[in-house]
Amino acid sequence: AVLSSNAYGVGQLIYGVNRTRQLLKEAVTILGLSLEGFDANVTPILPVVSKANHNDYEMQISQRLRSALTDSYLFDHHQRKQVQDPISFRSATHILGAALHTVENCIESLDMFLSGSDDNPLVCHETGQIVSTGNFEVIDIALVAETVGQALTHVSRSIFQRIKHLNNDQMT
């Protein structure tokens with residue numbers, strides 16, 4: 001770790017990815033509260049809808065959301081103000097699922113990196129050879145980290161849009 005120029009950045013990324021995972025869990029709970037506050041249509045999170053999409057990550061988020069909404073009045077048939085909710089409500093599980101997918105991809109890349117060596121030069125323990133490498137190049141880590149950042153941008157945009165709708169007294 002003292003010699004690697006990547007150790008500090010990778011350590012920060014590991015910390016950030018773990019925080020992002022926690023954020024996504026909390027975002028599902030907050031989404032459930034938002035759905036209740038908005039009197040939202042729950043059909044977009046029904047199992048039949050998730051299964052039709054064939055997206056494992058969206059299905060995971062929808063399942064977590066349904067669990068968070070256990071015994072919610074939203075599943076009772078009642079008259080709602082609107083038939084179809086704004087996109088920030090309807091697409092929320094897709095956006096959170098995509099963010100979860102990017103986090104899992106990032107963790108997979110980190111696991112691969114951490115199981116190897118980024119030494120340069122590398123001392124081969126079998127032969128004792130000292131060889132030059134390019135193992136210090138971590139473009140795969142950088143790309144997945146950037147993708148997590150982009151995913152969080154979409155998550156925050158969706159949350160902002162839901163807040164706008166929740167604050168609109170003509171819609172709530």
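Predicted model: local features only at pLDDT ≥ 70, side-chain atom pairs only at ≥ 80, totals over all residues.
# A tour of the chain

**The whole chain.** Switch to a cartoon view. The chain has six helices and two strands. Followed from the N terminus, the elements come in the order α-α-α-α-α-β-β-α. The radius of gyration is 21 Å, well over the 16 Å that the globule rule gives for 172 residues, so the chain is more spread out than a compact globule. Along the principal axes, the C-alpha atoms fill a box of roughly 75 × 30 × 20 Å.

Next, colour the residues by burial. Of the 172 residues, 34% are buried. If you draw the contacts between residues at least 6 apart in sequence, 79% of them join residues at least 24 apart.

**The largest nonpolar core.** In soluble globular proteins, nonpolar side chains tend to be buried together. Select V17, L24, L35, L65, L96, C106 and L110. Within the largest nonpolar core, which has 33 residues, these touch the most other members. Now show the helices α1 (7-38), α3 (56-68), α5 (92-114) and α6 (139-166), the elements that each give two or more residues to this core. Which of them gives the largest share? It is α5, with ten residues.

Leaving out residues up to four places away in sequence, L65 touches V28, L31, G32, L35, I45 and T93.

**The aromatic pair.** Select F38 and F89. They form the one aromatic pair in the structure. Are the two rings stacked or edge-to-face? Their centres are 4.3 Å apart and their planes meet at 20°, so the pair is stacked. F38 lies in helix α1 and F89 in helix α4 (residues 87-90), so the pair links parts of the chain that are 51 residues apart.

F38 has a relative accessible area of 2% and is buried. F89 also counts as buried, at 5% relative accessibility.

**H165.** Is H165 buried or exposed? Its relative accessible area is 17%, and the limit for buried is under 20%, so H165 is buried. To see what surrounds H165, show F38, P86, S88, F89, M171 and T172. H165 touches these residues, not counting those up to four places away in sequence. Both members of the aromatic pair, F38 and F89, are among them.

Notes
Residues numbered from 1 in each chain as written. Heavy atoms only, no water. Core = buried A, V, L, I, M, F, W, Y, C linked by side-chain atoms within 4.5 Å. Buried < 20%, exposed > 50% of the residue type's maximum accessible area, 1.4 Å probe, protein only. Helix = DSSP H or I, 4+ residues; strand = E, 2+ residues; numbered from the N terminus. Contact = heavy atoms within 4.5 Å. Phe/Tyr/Trp six-rings, centres within 6.5 Å; stacked < 30°, edge-to-face > 60°. Rg over C-alpha atoms; globule rule 2.2 N^0.38 Å.
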